[in-house]
Structures are given as C-alpha cells and as structure tokens.
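Please open the model in your viewer and keep the selection panel at hand. The tour moves from one selection to the next.

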Amino acid sequence: MKKVLITVCGRAGSKGFRNKNLKVFCGQPLVYYTLSAAALFAAARPDLAVDVALNTDSPELQRLVADRYPEVTIVPRPQELAGDTVPKMAVFQQTLAEMEGRRGSRYDFLIDLDITSPLRRAEDITGAFAKAEARPDVDLVFSAAPARRNPWFNMVKAVGDHVEKVIESPFTARQQAPAVFDLNASIYVFRRDFLAANRTGILWDGKCDIFEMFDTGILDIDSEEDYLLMEVIADHLYRTSPRFAAVQHNIRPPRD
C-alpha cells in the first residue's frame, strides 16, 4: 500500500495579510476547507495509507485544527523556518522528516494543500495525485490554471522610456502562442525522494508537470482584496456547483 503524507502549512501572522490563516471564510475557519478536502481525498482513495500533518508556529491555528480534526498530527515549526524568505520546500522537508521519524517508515508521496486556496474540489486533489502516479518520470505535479495573459502575445515589460513585448514573437493571435499557465499554489504532489534530496529549495530542480484546475483557483488569498473577492466567488459556487459545495458541506461540525 502506498503511503501519502498530506501537509497543511501555515505561519503565525502575515505581513501581506495579517493572520490570514486564521480567517473565517464563508462562515467557517479557512483551514477547515483544506482539511475537508484532504478527508474527501482520503475517502476517495482507500487503497492509500494517508496521514495529515499541520506544520505551524501558531498556537491559535493548532487549537483550531485540534478542535475538529484531532487525528491531524501537529508538527511545530522551528523559529528558523518561520521567516518570510524561507523556501516552503524546507518546511515540507522538515514535516516529512518529522513524520517519518514518528511513524518509523517512509512515505511514497507528499501532497501539500495550501490553506489560502479554499476553492479546491476533491477531484482536483485526486486528479493531481493520479497524474503524479501515472508519471514515474516526473518529480513534482502542481496545480495551475490557463493564464489570462501570454508573454509571447499580450504582456509587456518596461524598457527605458517605453515598453516592449516580454518575449519577441511574430504572433498576431493569442491562439498562435504557446500555452501558458498561472501557478496557483493550491496543490503540490511531490515524489518523496526528490523532495528529501533537494538542497536548493527550488521546484525547478526536478522534472515538473501540471494539473489544470478551474480558473477561480488562481485567486490565492494574499490580501484583504483577495479575501473579499474570493468570498463573493465562493458564495456563488457553493450555491450553484455541487462539486465545490461538497467540500464546504463536508466540514465537520463543532464537537459537543
């Protein structure tokens, strides 16, 4: 049986959007949407041994998770990994090493689910993982959405006193340009050995592929404006799309 570690990572505080990981989103703490989606993934893949770990230096986030999801293992984040410029891969590696030490065995994959990407369907996780399973030549599969702008066609860069196309090309229609995607930070599926061996914190050291998500997934919450807009979009999707609503409906109620 393959072993999968799902990580949920959140620092205390945030310079860009204060305490974003503790926000209430459409009536529920933001982190519960990620934990609900993780639970739906585990239920959809009973052939896997799935553990979930929360890596954080926030006592408040620890309490939120422990209150409704006591089976989630808390991995305290050391101070040296709590800074703004620490590569997130270092946090993944710390969690992987800690969990393997506690379990006494190695995982096959690590899936990271970002707290600030609540509009994630269960099938997005199963789809990204299935793609990683089917590509043994690939070290990492991450989620993305089609980009709204293309550097070969309708993006520009500042050059002195004027602007030029980011990449010079002869294309006269967007459809002629290479396909381009926005990374949305929602889902990362790592092969264990690539992650454990990485020493640079750079994703591109490995061979990468993408899993394409619904376009709203690109709205990762990183500001007050993102948060307000995402609540409007989420309210609509939870009312009109059963596949999005399934994650919200699966959030556990408070314990008595």
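How much space lies in the largest pocket? About 440 Å³ of space lies there, where a pocket is an open set of points on a 1 Å grid over the protein atoms alone at which a 1.4 Å probe fits, with protein on both sides within 12 Å along at least five of seven lines, and the volume is the space filled by probe spheres set on those points, joined across faces, edges and corners. This is a predicted model, in which local features need pLDDT of at least 70 and side-chain atom pairs count only at pLDDT 80 or more, whereas totals for chains, interfaces and linings use all residues. Residues are numbered from 1 along each chain as its sequence is written, and side-chain values use heavy atoms, with hydrogens and water left out.

Select Cys9, Arg11, Lys20, Lys88 and Asp114, which lie nearest the centre of the largest pocket among its 22 lining residues (lining residues have an atom within 4 Å of a point). The elements giving two or more residues to this lining are β1, α3 (88–103) and β10; helices (H or I, at least four residues) and strands (E, at least two) are DSSP runs, numbered from the N terminus.

Next, show the sheet. Its 7 strands form an open sheet with mixed pairing, in the order β5-β4-β1-β6-β10-β7-β11, two strands being paired if DSSP finds at least two bridges between them. β5 (73–76) and β11 (208–212) stand at the edges, and because each has a single partner strand, one side of each is left without a neighbour in the sheet. The twist averages 30 degrees from one strand to the next, with axes fitted as lines to C-alpha atoms (for helices over the stretch in contact) and angles running from 0 to 180 degrees between N-to-C directions.

Select residues 109–113 and 181–191: strands β6 and β10 pair here in the antiparallel sense over 5 bridges, and Phe109 has Arg191 as its bridge partner in β10.

Finally, turn to the rings. The structure holds 13 aromatic pairs, in which ring centres of Phe, Tyr and Trp (its six-membered ring) lie within 6.5 Å, and planes under 30 degrees apart count as stacked, over 60 as edge-to-face and the rest as tilted. Phe25 and Tyr33 are edge-to-face, at 5.6 Å centre to centre and 85 degrees between the planes. Ring pairs also link Phe92, Phe142, Tyr188, Phe190, Phe194 and Trp204 into a cluster.
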